[in-house]
Amino acid sequence: MSAPAAPGFDPDFLGVATPMPTLPGTDTLLLPYTHFATLHRPDRRLAAATAVAIDGATLRRLERSDDWRLDDRLPAGQQAGAELYADNDLDRGHLVRRQDPVWGGAAEAATAESDTFHYTNAAPQAAAFNQDKQTWGGLEDYLLDNAGDNDRRLVVFTGPVLADDDPEYRGVRIPRLFWKIGAFVVGGALGTTAYLLDQTPLLGDLAEPAPGDPPPLGPYRTFQVPVARIGELTGLDLGPLTAADRMPVPEPVPAALSERAVRLHSFADIRGL
């Protein structure tokens, strides 16, 4: 099935500008879907960033369609498809979460749910990471529930950190870090919070994987970080998202952005949302 024509992500959904991130100096392709979009990097065969609009007042619950497929707007060789995920412990991790764009009219919501099953919206994630309700999955639940329970509009940006030294497996370099930025309106102004899933410290002493095995991906730790840190790690131009960061600045201000990372042991630790 081909990807249908779709209006994509609306950067004015919140009533204040939340433009799609860009990646200056790197060839990318913007792919619109229903209520979301992906910024695809053909050289890495994965998305560099995604953006989804969530309307908490009209969210719908739909059964999972699970119809994973390539997007025929791109050559198959520029996408990480089914062969990457076969016979291993890698999940096809949704970047735009399946439930997030599922709102509006019945047909519109169904199309949005189906659109999330394009491989251009997937990234290889260790199953324990993708499904863990205390880390990535729990953070996704927290943001979606925040919108649904309060009839609130949110915009969520998500992506992998596509580093040059990511380990390669079946011709695809596997991201070790993932990030997420929530954008919302508070007091009539844009507010943002950012999160990073980091397993890098756990990989240093691991042995090289056996031929044919995916790189070992250990337990993930969830951090709230400055929005600027995401731009620093990814090279993305985040536009107004950085200046709208609601994470409190400590006194005195640390010299390094990384020193401001806050380990999240529970979602009550989140600052500024």
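Which residues does Asp27 touch, not counting residues up to four places away in sequence?

1. In this predicted model, Asp27 touches His40, Arg41 and Pro42 once residues up to four places away in sequence are set aside. Asp27 belongs to the segment before β1 (29-32), and its relative accessible area of 69% makes it exposed. Asp43 is 16 residues away from Asp27 in sequence, while the C-alpha to C-alpha separation of Asp27 and Asp43 in space is 8.0 Å.

2. The largest nonpolar core comprises 43 residues, and those with the most contacts inside it are Phe9, Phe157, Trp179, Ile181, Ile230 and Leu241. At least two residues of this core come from each of β2 (36-41), β3 (46-55), α1 (82-85), β6 (153-161), β9 (177-186), β10 (189-198), β11 (221-225) and α5, with β3 giving the most, namely five residues. Apart from this core lies another, of eleven residues, which includes Tyr33, Phe36, Val96 and Phe184.

3. For Phe9, leaving aside neighbours within four places in sequence, the contacts are Thr18, Pro19, Met20, His35, Phe36, Ala37, Ala51, Val52, Ala53, Val155 and Phe157.

4. In helix α5 (residues 227-234), the buried residues are Val227, Ile230, Gly231 and Thr234. These four lie on the same side of α5, because they cover an arc of only 95 degrees around the axis. After α5 comes Gly235, which has a positive phi, near 80 degrees.

Notes. Residues numbered from 1 in each chain as written. Predicted model: local features only at pLDDT ≥ 70, side-chain atom pairs only at ≥ 80, totals over all residues. Heavy atoms only, no water. Buried < 20%, exposed > 50% of the residue type's maximum accessible area, 1.4 Å probe, protein only. Arc of directions from axis to C-beta. Core = buried A, V, L, I, M, F, W, Y, C linked by side-chain atoms within 4.5 Å. Contact = heavy atoms within 4.5 Å.
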